[in-house]
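The sequence and structure come before the text.

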Amino acid sequence: MVRRYLQIGLFVLLAGVIYFSFTMPAPQQMIGEASRIFYYHIPMAWLTVVAYAVNLIYAIRFLKTRSELDDFRSLWSAELGTMFCVLATISGSLFAKVTWGVYWTWSEPRMLSIFILLLVYGAYLSLRAAIPTPERKGVISAAYSIFAFPTVPFFIFIMPRMMQSLHPADSVVDKNLHFTMGGTVLPIFLVSLFSFTVLYFWLLGLGIRLHKVRLARSEEA
Amino acid sequence: MSSGWTTKALAVLAKDIRTELRTRYSLNALFMFAFTTLVVVSFSLGQLSLGVQVLSALYWIIIFFASMSALSGVFVKEEDAKTAQTLRLFARPSVIYAGKLIYNMLLLTILCVLLTPLYVVFMNVTVPDWPLFLVVTLLGIIGLSGATTIIGAIVAKANVRGALFAVLSFPVLLPLLVAAIGGTNAALVGAGWAGAENHVKLLVAYAVIMITSSTVLFDFVWNG
Amino acid sequence: MGSNYTVMFANLVIWAGIFLFLFRLDKKVSDLEKRK
C-alpha cells in the first residue's frame, strides 16, 4: 500500500516537472524554447552513467559470487542504461539540430561521450548475445564491462579538456557547458533529475523482482 | 617470479612465432592490408597532398584496421586447433597472457617496421622528429596490444568473432587512437616533446591501465 | 511544433499512460511474489 502511494507520488512529481518545464520561462535565454529539453535530456544522460555504474558494480560482484541473480542485475541495468542512452542521444541530437543546425558534430565533447557510452553498451549486449553457454556469458560480459569502464571517465572528463585546448574559440562548446540555473530553473531541474532517478531504480527493482519470481518458479518445477 | 614463469611465457611466445612463421597468415594479412591502403590512398590523391593532421590519422587508421583483421584470431586459433585446453594445463593464466601479449606487440612492431618506410614514400611524408615519431608508435603498439589481447580472449568462445572483435575493441581503443594520432601529429609537425607531452602521458597511462586490468581480468576470461 | 501547452499536455498524457502501465506491472509482480 505504501508502495502504491509512493508510486503515485512519483507521478505527481513528474507531472509537476512536465507542467512547470513548459510553463515557466525557458532555462536559457540565448537558445530559447529549445533549452527546455535540458530538463529531460540531462537526466537521461545522467541515468545512462548511473546504470553503467550499477552494471559495473554487479559485474564485479558476480565475478565473486557467481550468483545468476547478480549477473541478471548487471544485465538488466545495462538494458535500462542502453534505453536511457538512446533517449539521451536522440534528444541531444534533436537539440543540436534546432540550436546549431546539425544533427551531429564530433566537436561537441558531450556528444562524443554519449556516443562512446552507446558504443560500450552496444558492445556489451552484442557480446552477451554472441556467447552460447550461460556460464561463460556472465563471466565474459562482466569482464568486458570492467575492462571497458576506464574509457568512460576518459571521455566524460579528460576529453572535454583536451578538446577545449584544441578548439579554444568554439562557441558551441562554451555555450553548452553551463547555463546559469537561476530562478525557477534549478528546482525544476533537480526535481526532474530526482524523479527520473527514482524511476530508474523502480524499473531496476521491477525487473529484478520479476526475475526472482521466475527463478523461484523454475526451482519448483 | 621464478624463472619458470618467464621460461613458460617465452615458450608460449616461441610457439606462436613458430606457428606464424609456418603459415605467415597474420603477417600477410597485416602487410597486405597496410600496403593496399597506402597504394589506394596515394594513387587516388594523385598530385594532391594531404595535410599533416590527415596524414597522422591515416597512419593510425591503417594500423587500427590491420589490427582488427589480424589480431582477432590470437586466441581463436587455439580454440579452433583444439589446443586451448592443453594451453590451460600448461601454465598459469598470467603466463599465457604475457606470451600472447608480447606476440601481438611483435606482430604490430613488424607491421610498423614495414609500414613506416612505405608510408614515408607513398605519402611523401617528412618526419622532422624521428625519435618522437618512433616513441609514439611504440607506445601506441604497446597500448594497442594491451587492449586487444584480452578482447581476443573474450571473443574466442563467441559466435560471430571477427565482427564482434571490432565492436568490442573500438570503444576501448578510442582513447589510444586519440593520443597516438595526436602524438604522431606532433612528431610530423615538429612540435617537439613539449608539444607531444600530453599525448605521450596519455599513451603511457593507457598502456599501464589496459595491461594492468587485463592481467587481473584475464584469469576470469581464460578460466571462467 | 505545437505550442508549449500542446507539448506539455502530450507529455502528461504519455507519462500518465506509462505510469498506469507500471502500476499494473508492479501489482502483477507483487501478486506473483505473494503467491509463491
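In the lining of the second largest cavity, α4(A) has the largest share, with three residues. Elements of chain A that supply at least two lining residues each are α2 (38-65), α4 (109-130) and α5 (134-148); helices are DSSP runs (H or I, at least four residues) numbered from the N terminus. The lining consists of A:Tyr52, A:Asn55, A:Ala78, A:Val120, A:Tyr121, A:Tyr124, A:Tyr144 and A:Ser145. Six of these count as nonpolar, two as polar and none as charged, where nonpolar means Ala, Val, Leu, Ile, Met, Phe, Trp, Tyr, Cys and Pro, charged means Asp, Glu, Lys and Arg, and polar means the others, Gly among them.

The model is predicted: local features need pLDDT of at least 70 and side-chain atom pairs pLDDT 80 or more, while totals for chains, interfaces and linings use all residues. Residues are numbered from 1 along each chain as written, chains are lettered from A in the order in which they are written, and side-chain values use heavy atoms, without hydrogens and water.

The whole structure has two cavities of 30 Å³ or more. A cavity is a set of points on a 1 Å grid over the protein atoms alone where a 1.4 Å probe fits but cannot get out, and its lining residues have an atom within 4 Å of a point. Points are joined across faces, edges and corners, and the volume is the space filled by probe spheres set on them. The second largest cavity holds about 30 Å³, and the largest about 50 Å³.

Contact means heavy atoms within 4.5 Å. Buried area is the accessible area (1.4 Å probe) that two parts lose on being put together, summed over both. A salt bridge places a side-chain nitrogen of Lys or Arg within 4 Å of a carboxyl oxygen of Asp or Glu.

| Interface | Buried area | Share on carbon and sulfur atoms |
|---|---|---|
| Chain A and chain C | about 2100 Å² | 75% |
| Chain B and chain A | about 2300 Å² | 81% |

Between chain A and chain C, 25 residues of chain A touch 20 residues of chain C. On the chain A side, A:Phe11, A:Ile18 and A:Phe22 lose the most area, together 25% of what that side buries. This interface has two salt bridges; one of them joins A:Arg209 and C:Asp26, with the closest N and O atoms 3.4 Å apart. In chain A, α1 (2-23) and α8 (185-220) each supply at least two residues of the touching side, and α1(A) gives the largest share, twelve residues.

Between chain B and chain A, the contact takes 30 residues from chain B and 25 residues from chain A. B:Ile154, B:Pro171 and B:Leu217 lose the most area in chain B, together 21% of what that side buries. The rule finds zero salt bridges here.

How values were computed: 1 Å grid on protein atoms, 1.4 Å probe; cavity = no way out; pocket = protein on both sides within 12 Å on 5 of 7 lines; lining within 4 Å.
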